Amino acid sequence: MRMYLADPGQPFPSVELADPSGLVAFGGDLSPKRLLDAYSAGIFPWYNPGEIIHWYCPDPRSILVPTDLRVSKSYRRSVTSADYAVTMDRAFADVMSNCAEPRAEETGTWIGSDMQAAYLRLHHLGHAHSVEIWRAGDLVGGLYGVARGRSFAGESMFSRARDTSKIALYWLCAQLTAWDFALIDCQVSSTHLTSLGAIDLSRADYLHLHTQAAARPGRSAPWHFEIPVPNSPKHLPA
């Protein structure tokens with residue numbers, strides 16, 4: 001039975017009460033506490049601008065183990081190219097605004113202004129992070145998500161040039177592997193994610209893995225790469 005979150009302090013219901021789509025509850029707000037409570041419980045908001053907030057925990061759940069990223073020959077050529085720089089937490093707001101732009105085959109976006117403001121607050125508090133790909137000082141790709149302990153919830157990615165979102169994912173996986181993160185939550189399965197190595201788990205198996213990872217100490221913010229990466233700060237905006 002879906003629950004309406006009328007009180008700001010009202011806890012989420014059990015995810016076992018979700019409907020077949022994974023909808024757990026609706027209503028509430030996007031305050032930092034509400035969002036962090038949601039991500040800790042494996043729940044995320046997903047709704048169109050102007051709608052009431054919907055909170056989901058789908059079954060099955062798509063995840064990517066950072067060490068299991070599938071890198072094809074053409075993908076590796078893009079990664080090993082020397083024409084880009086990669087950073088973390090350098091341009092979170094710009095990454096989000098690029099992710100919010102409708103794709104070529106879409107007419108709208110689910111990342112409204114209220115969601116952008118809410119995740120920017122999380123970023124300033126050290127819980128939301130971005131990876132940026134730059135060429136000649138221009139932001140050409142990236143992704144963002146939310147970390148809870150050693151579990152990372154990927155939210156969205158964008159490309160302004162061939163493979164740049166995949167390059168961002170490659171370096172995220174490399175750094176999360178070095179930090180011993182257990183998973184990247186991809187939320188809902190897609191052909192594209194599956195081609196990159198994402199797998200589906202039952203909700204129960206996902207929550208078991210996520211809960212254990214989220215309970216472990218996380219990384220302090222802002223995030224910086226601690227592995228060797230293509231990075232030319234002199235080419236980036238101040």
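A salt bridge here is a side-chain nitrogen of Lys or Arg within 4 Å of a carboxyl oxygen of Asp or Glu. By that rule K166 and D163 form one, with their closest N and O atoms 3.9 Å apart. Keep in mind that you're looking at a predicted model.

**Helix α7**

- Helix α7 covers residues 203-214, which makes 12 residues.
- From its first C-alpha to its last, α7 reaches 16 Å, close to the 16 Å expected at 1.5 Å a residue.
- Which residues of α7 are buried? They are R203, Y206, L207, H210 and A213.
- Looking down the axis of α7, you'd find these buried residues within an arc of 135 degrees, so they line one face of the helix.
- What do the buried residues of α7 pack against? Their partners include one helix, α1 (32-40), along with the strands β5 (61-64), β8 (138-148) and β9 (151-159).
- Two further strands, β10 (183-187) and β11 (199-201), also pack against the buried residues of α7.

**Salt bridges in general**

- Side chains of opposite charge can pair when their charged atoms come close.
- How many salt bridges does the structure hold? The count is seven, and three of them are picked out in this briefing, including the K166 and D163 pair from the opening.

**E101 and R160**

- The side chains of E101 and R160 meet in a salt bridge, at 2.8 Å from N to O.
- This pair links distant parts of the chain, 59 residues apart.
- E101 sits in the loop between α3 (92-100) and α4 (113-124), while R160 is in the loop between β9 and α5 (164-178).
- E101 counts as partly exposed because its relative accessibility is 42%, and R160 does too at 43%.

**D180 and R216**

- D180 forms a salt bridge with R216, and the closest N and O atoms are 3.0 Å apart.
- Here too the pair links distant parts of the chain: D180 lies in the loop between α5 and β10, and R216 in the segment after α7, 36 residues apart.
- D180 is partly exposed at a relative accessible area of 45%, and R216 is partly exposed at 34%.

**K166 and D163**

- Are the two partners of the opening pair buried or exposed? K166 is buried, with a relative accessible area of 17%.
- D163 is buried as well, at 14%.
- Both get that label because buried means under 20% relative accessible area.

Note on methods: Residues are numbered from 1 along each chain as its sequence is written. This is a predicted model: local features need pLDDT of at least 70, side-chain atom pairs count only at pLDDT 80 or more; totals for chains, interfaces and linings use all residues. Side-chain values use heavy atoms; hydrogens and water are left out. Helices (H or I, at least four residues) and strands (E, at least two) are DSSP runs, numbered from the N terminus. The expected span of a helix is 1.5 Å times one less than its number of residues. Buried means under 20% relative accessible area, exposed over 50%, partly exposed in between (1.4 Å probe, protein chains only). The arc is that of the directions from the helix axis to the C-beta atoms. Contact means heavy atoms within 4.5 Å.
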